[in-house]
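Me: I have a structure open and would like to learn how to read it. Can we go through it together, feature by feature?

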Amino acid sequence: MLAAAHLFLVTGPAIAEAPGGEPPLLAPRPSFQACIRPEYPPDALRWGEEGTTTFAFLVPVGDGAPEFRVIRSSGSARLDAGALQIAGKCLAIPEIKADLGPGRWYRQSILWVLQ
């Protein structure tokens, strides 16, 4: 039997250094949290993996594709990939993308917890 799995969105500080000398990272507005669904990666769930993935994303200008980077790994490639997948789904929602500043980096952390 599998344990229940939960994930939580953790907003980082308002401003922090971006990866690779990019512009400053800005914490996303609360509307980003509305798109988070508890989609624990099945293989990570099976192996009992937990951790916190901190990632950055660049909101594209116009119709370009967003850029994603893991800043601090959870220690699990499966959880890190799941975090980036969630971020991609969130930025595909027009209302959320419109609420964020185009051409800016944002940072989020997702806490993956088995209960």
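Reply: Start with burial. A residue is buried under 20% relative accessible area, exposed over 50%, and partly exposed in between (1.4 Å probe, protein chains only). Tyr40 has 9% relative accessibility, so Tyr40 counts as buried. Two notes on reading. This is a predicted model, where local features need pLDDT of at least 70, side-chain atom pairs count only at pLDDT 80 or more, and totals for chains, interfaces and linings use all residues. Residues are numbered from 1 along each chain as its sequence is written, and side-chain values use heavy atoms, with hydrogens and water left out.

Me: How many aromatic pairs does a search of the whole structure find?

Reply: First the rule. Rings of Phe, Tyr and Trp (its six-membered ring) pair if their centres lie within 6.5 Å. Planes under 30 degrees apart count as stacked, over 60 as edge-to-face, and the rest as tilted. Searching the whole structure gives three aromatic pairs. One of them joins Tyr40 and Trp112. Their centres are 5.3 Å apart and their planes make 85°, an edge-to-face pair.

Me: Where in the chain do Tyr40 and Trp112 sit?

Reply: You need the naming first. Helices (H or I, at least four residues) and strands (E, at least two) are DSSP runs, numbered from the N terminus. Tyr40 is in the loop between strand E3 (25-26) and helix H1 (42-46). Trp112 is in strand E6 (residues 105-114).

Me: Is Trp112 buried or exposed?

Reply: Trp112 has a relative accessible area of 1%, so Trp112 is buried.

Me: How are the planes of Phe57 and Tyr106 arranged?

Reply: Their ring centres are 5.7 Å apart and their planes meet at 20°, so this pair is stacked. Again, distant parts of the chain are linked: Phe57 is in strand E4 (residues 51-58), Tyr106 is in strand E6, and 49 residues separate them. Both Phe57 and Tyr106 are buried. For Tyr106 the relative accessible area is 2%.

Me: Which residues form one aromatic cluster?

Reply: Phe55, Phe57 and Tyr106 do. Compare sequence with space here. Tyr106 and Phe55 are 51 residues apart along the chain, while their C-alpha atoms are separated by 8.5 Å.

Me: Now charges. How many salt bridges are there?

Reply: The general idea: side chains of opposite charge can pair when their charged atoms come close. A salt bridge is a side-chain nitrogen of Lys or Arg within 4 Å of a carboxyl oxygen of Asp or Glu. By this rule there are three salt bridges.

Me: What does Arg46 form a salt bridge with?

Reply: Its partner is Asp43, with the closest N and O atoms 2.3 Å apart. Both are in helix H1, three residues apart, so about one helical turn separates them. Arg46 is exposed at 56% relative accessibility. Asp43 is partly exposed at 37%.

Me: Which residue pairs with Arg78?

Reply: Glu49 does, and the closest N and O atoms are 2.6 Å apart. This pair links distant parts of the chain: Glu49 is in the loop between H1 and E4, Arg78 is in helix H2 (residues 77-91), and they are 29 residues apart. Glu49 is buried at 17% relative accessibility. Arg78, at 36%, is partly exposed.

Me: What meets Glu67 in a salt bridge?

Reply: Arg69 does, at 2.7 Å, N to O. Glu67 is partly exposed, with a relative accessible area of 30%. Arg69 is also partly exposed, at 24%.
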